[in-house]
Amino acid sequence: MLKVSIVGASGYTGGELLRLLLDHPRLEVHQVTSRRYVGQYVYQVHPNLRKRTRLKFVTPDALEPVDVLFLALPHGEAQKHIARWADLATYIVDLSADFRLRDADFYARWYGQAHAAPEWLNRFVYGLPELHRAELRTARYISGVGCNATATNLALWPALRAGLIDTTRPVIAEIKVGSSEGGITPNPGSHHPERANVVRTYAAFGHRHTAEVMQELGLAHVHLTMTSVDMVRGAMATVHAWVRPGTTEKDLWRAYRAVTKENPFLRLVKERRGVYRVPDPKILAGSNYADLGFALDEETGHLVAMAAIDNLMKGAAGSALQSLNLALGWDETLGLEFPGLHPI
Ligand SMILES: NC(=O)c1ccc[n+]([C@@H]2O[C@H](COP(=O)([O-])OP(=O)(O)OC[C@H]3O[C@@H](n4cnc5c(N)ncnc54)[C@H](OP(=O)(O)O)[C@@H]3O)[C@@H](O)[C@H]2O)c1
């Protein structure tokens, strides 16, 4: 068993990691940190873990050396002390946006400030196994993924990889997200009377995850529009793009079938009958699957590519664990092979 600790374990992604790690056959959770709940049992913050662990939260200052350290901190915190974290563990998996972008200038452009540890950017591998499996197998430092970026990237990547997209035309992603994306700390917009029942577009342009889509898909003309909807978990990307002249529905079937065959957590959902004919995040809650779909207007070449994920799983903790499994030389599905709930 390898020893693992989580910094920021009182948050939503930290809690989700803990849920996964407690059942992992080859990893043992050593310590979990929280400054607010120090000394309390983790189930007092994550009630789903009652009777699954007797761990208590410790302060970050009490961390002991381990094999793997997960960082589940708000944006900007991991980069401030990365050398200290790296002294504590052989492997670092950082779920924040701090080490997702490879270029310091690109980071400054999208995050509005200089990176505190630019020399570390190239040491991290972007933790989306579908796109970086080979590099992850030799990685020591793994970045998390942006959940909205992941839904967008997975929706379009199969068609892009097959060379079917006209990249001279813009790609427009409309993303609907649940409230857990905002983390555990409440704010006026997450107050129940304000957040319940919403369909609220909060970023028409300029969402920071756009940078991850540009970097990962190599696209220059891409726009993300973010809308909060009435879910707790889930991100649903509906991506509009144009295919190259002559591309048929059959070409797209081939492209999407190929990636779902090669990748254990990608599924193609394209049915003629039934309720679930296209991807729907509702049935993915708690699972690491990403459901992909597409529709093509052959006359105009307009492609609608879709992906549904659980933002806390494939969009955060699930991809992080899948990436770590690869880095440790294990089957990438270890500790992740369960479906979501239905009905829910
Ligand atoms: N939520 C999502 O859907 C999602 C998806 C993908 C990626 N992410 C990224 O993952 C990271 C964590 O997100 P989250 O939603 O889990 O956030 P969260 O719920 O706000 O949790 C963050 C935790 O970090 C701890 N913390 C805050 N400042 C700290 C500091 N200076 N030193 C040590 N601990 C500190 C807090 O615990 P204490 O105050 O108790 O110490 C808090 O519980 C973020 O960077 C986010 O962008 C989130």
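Let me start with a term: two strands pair if DSSP finds at least two bridges between them. Strands themselves are DSSP runs of E of at least two residues, helices are runs of H or I of at least four, and both are numbered from the N terminus.

Before we go on, a word on the model. It is predicted, so to speak of a local feature we need pLDDT of at least 70, side-chain atom pairs count only at pLDDT 80 or more, and totals for chains, interfaces and linings use all residues. Residues are numbered from 1 along each chain as its sequence is written.

Now, the sheet. Strand β1, residues 2-7, and strand β4, residues 66-71, pair in the parallel sense over 4 bridges. Within that pairing, V7 has L71 of β4 as its bridge partner. Stepping back, the open sheet is formed by 7 strands with parallel pairing, in the order β3-β2-β1-β4-β5-β7-β6. Which are the edge strands? They are β3 (57-58) and β6 (124-126), each pairing on one side only.

Lying across β4, β5 (89-94) and β7 (141-143) is helix α10, which runs at about 150 degrees to β5. Axes here are lines fitted to C-alpha atoms, for helices over the stretch in contact, with angles from 0 to 180 degrees between N-to-C directions. Contact between two residues means that their C-beta atoms, placed from the backbone, lie within 7 Å.

On to the domains. The chain is divided into domain 1 (2-145 + 314-327) and domain 2 (147-310), with bounds from an automatic or database domain assignment. Their C-alpha centres lie 25 Å apart. Across the interface, 22 residues of domain 1 are in contact with 24 residues of domain 2. On the domain 1 side, α4 (104-111), α5 (129-136) and α10 each supply at least two residues, and α10 gives the most, with 6.

Finally, the ligand. Of the 31 residues around the ligand, G8, G11, T13, S96 and G183 come nearest; near means a C-beta atom, placed from the backbone, within 6 Å. Both domain 1 and domain 2 contribute at least three residues to this shell. Which helix gives the most to the shell? That is α1, with 3 residues. Our friend α10 (313-327) is back here too, as α1 (12-21) and α10 each supply at least two shell residues. By type, the shell has 13 nonpolar, 14 polar and 4 charged residues. Nonpolar covers Ala, Val, Leu, Ile, Met, Phe, Trp, Tyr, Cys and Pro, charged covers Asp, Glu, Lys and Arg, and the others, Gly among them, count as polar.
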